[in-house]
Amino acid sequence: MPRTELQSPVEFLDRDLRDGPDKKGIALCLSGGGYRAMLFHLGSLWRLNELGYLKKLARISSVSGGSITAGMLGLTWNRLAFDQGGVATAFRREVVEPIRRFAGITIDRGSILTSALPGVSVGDQVAAAYRKHLFGAATLRDLPADDVGPRFVINATNVQSAALMRFSRPYVADWRVGRIPNPSIDLAVAVAASSAFPPFLSPVTLDLDEDVWLRDEGNDLHRPPFTTDVVLTDGGVYDNLGLETAWKRYETVLVSDGGGKMAPDPEPPGDWARHTKRVLDLIDNQVRSLRKRQLIESYKLPEGQAFHRKGAYWGIRSNVADYALPALAGYPFTPDRLPHGATLKLADTPTRLKALDEKHQERLINWGYAVCDVALRRHVDGSLPLPSALPYATSGVS
């Protein structure tokens with residue numbers, strides 16, 4: 001495939017044009033998709049943990065709903081109690097249970113309604129909800145250091161610069177604006193910016209001191225108001241798979257995609273609010289499709305080529321039958337046990353921060369857990385230990 005095809009839609013800077021990725025580790029990307037993606041990714045992380053892969057990760061890059069899950073994992077990393085096999089024995093207590101409690105609370109409707117009051121920001125309302133129910137007063141400094149765990153990169157879109165704004169423990173950065181080293185920004189604010197779904201939960205604004213920024217080569221927008229009044233929206237506007245900061249740097253890239261897909265609409269709404277939402281969904285759908293194409297083609301390239309990557313992709317709309325796993329005695333995740341029609345219904349869960357009942361939560365988690373195992377077994381390591389059952393066996397996927 002021509003080089004230009006594979007680099008699209010990623011914008012490569014001169015410093016990124018090298019012979020190949022400079023990191024041999026494993027990166028994990030968590031897509032957007034509201035509570036649907038948050039829970040789907042939770043299931044994927046559950047299976048990755050059981051297989052000892054969490055401890056192997058060098059980077060976790062997330063957007064939108066995926067950033068909620070990533071943020072909770074990062075905040076509790078030092079409390080996960082990894083055993084000698086690299087399995088976090090406290091994963092369920094520290095990550096699963098808080099996220100499941102949160103998934104029972106609706107925060108988008110109240111945040112939107114409250115923001116109609118004078119002087120009230122919808123972004124501030126969402127951040128306050130994250131602070132209250134998940135992250136407390138934690139800041140980016142509470143994420144694990146690079147020598148302790150993976151680097152967590154929470155991605156938002158900078159509306160002013162039209163580039164990614166990357167939140168991490170070492171720095172916050174926009175390649176056009178500059179870099180803030182050792183940021184003390186609240187974790188709740190970073191996740192709120194990453195999940196500021198337009199048009200209703202966007203924007204999130206940051207009021208910053210110009211002096212906190214460092215200027216690097218190529219920062220052509222290193223000046224106010226780009227450095228002082230930062231306007232952010234959902235990371236998925238730029239990159240709904242959270243792929244860019246991982247794919248450029250790492251040899252092995254795993255992608256969990258909890259994003260939805262648009263259905264045809266013979267009579268799309270004409271009022272400005274619903275029509276705008278439909279158009280934004282179209283853009284989101286195309287961004288995801290382009291990123292997915294780039295990823296899958298990079299897997300297919302011969303090893304040794306510059307754009308070749310190892311890894312696996314699994315999505316909430318994946319069909320287990322398409323992975324064509326060889327028959328395994330006792331393997332529970334077969335197409336007849338995970339019927340595509342049932343999992344597509346889970347994929348149709350609306351992209352909202354709206355409470356989901358317990359059964360629906362469990363089915364989304366189960367599906368993320370199962371399809372993650374299928375993808376890893378098919379494309380990464382066919383000798384992985386067999387799973388015994390779904391995390392919530394009585395709930396299944398339908």
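Contact means that heavy atoms lie within 4.5 Å of each other. The legends below describe a predicted model, in which local features need pLDDT of at least 70 and side-chain atom pairs count only at pLDDT 80 or more, while totals for chains, interfaces and linings use all residues. Residues are numbered from 1 along each chain as its sequence is written, and side-chain values use heavy atoms, with hydrogens and water left out.

**Figure 1. The whole chain.**
The protein chain has 12 helices and 10 strands; helices (H or I, at least four residues) and strands (E, at least two) are DSSP runs, numbered from the N terminus. The C-alpha trace spans about 65 × 50 × 50 Å along its principal axes. A compact globule of 398 residues would have a radius of gyration near 21 Å, and the 20 Å of the protein chain agrees with this. That radius is taken over C-alpha atoms, and the globule rule is 2.2 Å times the number of residues to the power 0.38. Of the 398 residues, 54% count as buried; buried means under 20% relative accessible area, exposed means over 50%, and partly exposed is in between (1.4 Å probe, protein chains only). Among contacts with a separation of 6 or more, 76% come from residues 24 or more positions apart.

**Figure 2. Asn-155 and its surroundings.**
Asn-155 is part of strand 3 (residues 151-158). Its relative accessible area is 1%, so Asn-155 is buried. Not counting residues up to four places away in sequence, Asn-155 touches Ser-61, Ser-62, Val-63, Ser-67, Leu-164, Met-165, Arg-166, Ser-194, Gly-235 and Thr-245.

**Figure 3. Met-165 in strand 4.**
Strand 4 (residues 163-167) holds Met-165. Met-165 is buried because its relative accessible area is 1%. Its contacts, leaving aside neighbours within four places in sequence, include Ile-154, Asn-155, Trp-213, Val-230 and Leu-232. Met-165 and Val-230 are 65 residues apart in sequence, and their C-alpha atoms are 9.8 Å apart in space.

**Figure 4. Helix 3 and Val-191.**
Helix 3 (residues 65-75) is mostly covered, with 11 of its 11 residues buried. Among them are Gly-66, Ser-67, Ile-68 and Leu-73. Val-191 belongs to helix 7 (residues 187-194). With a relative accessible area of 0%, Val-191 is therefore buried. Beyond its neighbours within four places in sequence, Val-191 is in contact with Ser-67, Ile-68, Tyr-130, Phe-135 and Ile-154. From Val-191 to Gly-66 the C-alpha to C-alpha distance is 9.2 Å, although the two are 125 residues apart in sequence.

**Figure 5. The nonpolar cores.**
A nonpolar core is a set of buried Ala, Val, Leu, Ile, Met, Phe, Trp, Tyr and Cys residues joined through side-chain atoms within 4.5 Å. The largest one has 96 residues, and those with the most contacts inside it are Leu-73, Phe-91, Tyr-130, Phe-167, Trp-314 and Trp-367. Helix 12 (residues 358-379) gives the largest share of this core, 10 residues. Apart from this core lies another, of 14 residues, among them Cys-29, Leu-241, Leu-243 and Tyr-313. Phe-91, leaving aside its neighbours within four places in sequence, is in contact with Leu-42, Leu-45, Trp-46, Asn-49, Leu-54, Leu-73, Leu-80 and Val-96.

**Figure 6. Two residues with positive phi.**
Most residues other than glycine have a negative phi, and most peptide bonds are trans. Ser-64 is not a glycine, yet its phi is positive, about 55°. Ser-64 is found in the loop between strand 2 (57-63) and helix 3. A relative accessible area of 2% means that Ser-64 is buried. Ala-324, also not a glycine, has a positive phi near 50°. Its place is the loop between strand 10 (310-315) and helix 11 (340-347). Ala-324 is exposed, with a relative accessible area of 55%.

**Figure 7. Two cis peptide bonds.**
The peptide bond from Ser-202 to Pro-203 is cis, and its omega is near 5°. Pro-203 sits in the loop between helix 7 and strand 7 (204-207). Pro-224 and Pro-225 are also joined by a cis peptide bond, with omega about 0°. The loop between strand 7 and strand 8 (229-234) contains Pro-225.
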